[in-house]
Amino acid sequence: MKPVHPIQIENLNFSYGHIPVLEQANLSIFDKDFVCIVGPNGGGKTTLLKLLLGLLKPQEGTVLVFGEDPEVGRKWMGYLPQYASLDAKFPVTALDVVLMGRLGITRGIGPYRKRDRTAALDMLDRVGMAQLAKRPLAALSGGQRQRVLIARALVSNPKLLLLDEPTSSLDDYVERELYDLLQELNKDMTVVVVTHDISFVSSYVETVVCVNRQVHVHPTSEVDENIIHSMYGEHVHMVRHDQEQQHG
Amino acid sequence: MAEFFQALLQHTFLQHALLGGLLASLACGIVGTYVVTRRITYLAGGIAHCVLGGMGFARYMQVVHGWAFFDPLLGALLAALAAAFIIGWVNIRAKERMDTVISAFWGMGMAIGILFISKTPGYGEDMMSYLFGNILLITPRDLTIIAGLDLFIVAIALLFHKQLVAVCYDEEFARLRGIKASFFYFLLLALTALTVVLLVSIVGIVMVIVLLTLPAAIAGRFCQRMGPMMALAAGLCALLTTSGLALSYTPDLPAGATIIMLVGIVYLITTTLKRN
């Protein structure tokens with residue numbers, strides 16, 4: 001049997017009214033790849049993401065997640081939404097948030113089951129948050145909250161983890177810790193990060209997908225000034241992250 | 001105060017008022033917590049004002065066309081549910097600004113009520129009790145309806161609490177997990193509509209939003225989970241409606257307005273306290 005790609009996009013076109021957002025996009029993402037989807041604001045990243053999540057339908061072409069329509073395939077997908085989209089003071093604990101990832105697996109009526117709680121606590125442990133399971137969301141730091149939300153994405157045992165701007169609210173140190181965690185998770189699953197921030201790309205990611213109306217795929221080693229300039233224009237400050245700096 | 005408790009033993013209308021307030025408090029605490037955390041206070045206000053349309057229409061049909069069964073409480077129930085579904089549908093379908101859409105329904109609901117009431121003979125006192133409530137006019141039949149609605153709301157909230165919380169916190173994520181998020185959004189709006197109707201009979205259309213949201217908002221300052229927040233909000237609602245009723249009795253003040261002032265003052269005091 002031919003292996004099924006976690007993400008397979010063929011000849012995709014998408015426009016809002018007369019404004020084309022994605023044109024003739026093709027993309028195959030391989031199992032256990034660590035992918036970064038980058039591109040300028042308005043370049044079509046969010047649209048691509050919504051197509052992958054099954055929240056938008058392609059107008060032309062196909063989008064397949066594990067060989068299925070995204071509405072079906074998304075059950076193998078763990079998703080971390082943008083940080084700013086959620087209420088940081090919502091009255092729930094870290095454990096309550098992670099339990100939400102068991103919806104669709106647990107029973108439909110009544111409270112969560114004991115095995116949901118066990119799975120949620122295991123996942124909090126995996127992201128290094130076991131001690132803070134009973135802590136209210138409002139009492140967690142930005143980095144801790146991201147870990148809780150990653151645990152929520154993981155608790156359904158996904159084969160693909162999709163993260164939308166996971167580090168936009170975090171300082172450099174916490175950002176690096178989070179990428180270390182993602183690298184660890186990448187041993188077991190495909191990881192796709194959507195971001196406009198390309199500063200860290202070289203040190204962690206294997207594949208870079210550039211989205212600016214068109215979709216181009218590069219191995220990380222190929223991403224140089226020329227590619228970035230062609231995508232973002234001339235005025236980009238590049239920051240090199242050397243490996244030593246990670247330990248500093 | 002002592003006079004109130006003495007009167008309570010003698011007068012069944014006071015017993016009905018007290019019981020009505022206590023029953024409504026249960027739904028108020030549960031649904032108020034969802035409304036406050038999902039930030040649909042303004043939507044709930046819109047639903048409340050549409051209720052006048054239903055009450056006015058029902059009263060008109062009763063008086064002018066002799067539809068005896070169609071009492072204003074039934075009209076309120078239908079109008080509230082219809083308003084919730086229409087506003088919710090417009091929210092999902094049309095890309096209009098939500099607050100503008102709600103304002104349109106808010107005003108039109110009231111206008112429909114006023115038009116029907118103005119064409120109903122002897123309308124003056126009806127209008128006042130719809131707008132400002134009259135807890136002392138609660139009948140045993142009202143109590144049965146309030147108890148029935150209460151039971152329904154509590155049962156739904158218990159059975160689907162986890163979905164409702166997930167939809168309040170992150171609707172998109174809930175949908176991705178295979179939850180029918182739109183269904184639960186509409187269910188939440190329907191529960192809000194039913195609770196609004198319960199509370200309208202206590203404090204009236206104009207002030208209902210205070211009783212729906214402030215006890216939950218006060219509770220939110222002291223609780224870090226939805227369950228305890230609901231319990232505390234229900235307790236506060238029961239305590240404050242009872243106290244308001246008792247305080248209003250001796251000086252013969254309107255009960256609804258007294259309750260609202262009490263809730264508002266407690267809310268304002270707690271906002272000055274430090275968040276824990």
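Predicted model: local features only at pLDDT ≥ 70, side-chain atom pairs only at ≥ 80, totals over all residues.
Visitor: Which residue in strand 9 of chain A stands opposite A:N212?

Guide: Residues are numbered from 1 along each chain as its sequence is written, while chains are lettered from A and ligands numbered from 1 in the order in which they are written. Strand 8 (residues 207-212) and strand 9 (residues 214-219) of chain A pair in the antiparallel sense over six bridges; strands (E, at least two residues) and helices (H or I, at least four) are DSSP runs numbered from the N terminus, and two strands pair if DSSP finds at least two bridges between them. In strand 9 of chain A, the residue opposite A:N212 is A:Q214.

Visitor: Which residue takes a positive phi in the hairpin of strand 8 and strand 9 of chain A?

Guide: The hairpin of these two strands of chain A has one residue between them. A positive phi near 70° is taken there by A:R213.

Visitor: Which residue of strand 8 of chain A stands opposite A:V38?

Guide: Strand 8 of chain A also pairs with strand 3 (residues 34-38) of chain A, in the parallel sense and over four bridges. Within strand 8 of chain A, A:V38 faces A:C210.

Visitor: How do helix 8 and helix 10 of chain B stand to each other, roughly parallel or roughly perpendicular?

Guide: Helix 8 (residues 161-169) and helix 10 (residues 181-203) of chain B pack with their axes 10 Å apart at an angle of about 95°; axes are lines fitted to C-alpha atoms over the stretch in contact, and angles run from 0 to 180 degrees between N-to-C directions. Angles under 35 degrees count as roughly parallel, over 145 as roughly antiparallel, 65 to 115 as roughly perpendicular and the rest as oblique. Helix 8 and helix 10 of chain B are therefore roughly perpendicular.

Visitor: How many residues of chain B are in contact with chain A?

Guide: Two residues are in contact if their C-beta atoms, placed from the backbone, lie within 7 Å. The predictor gives the complex an ipTM of 0.87 and a pTM of 0.88. Chain A contributes 22 residues to the contact, and chain B contributes 21.
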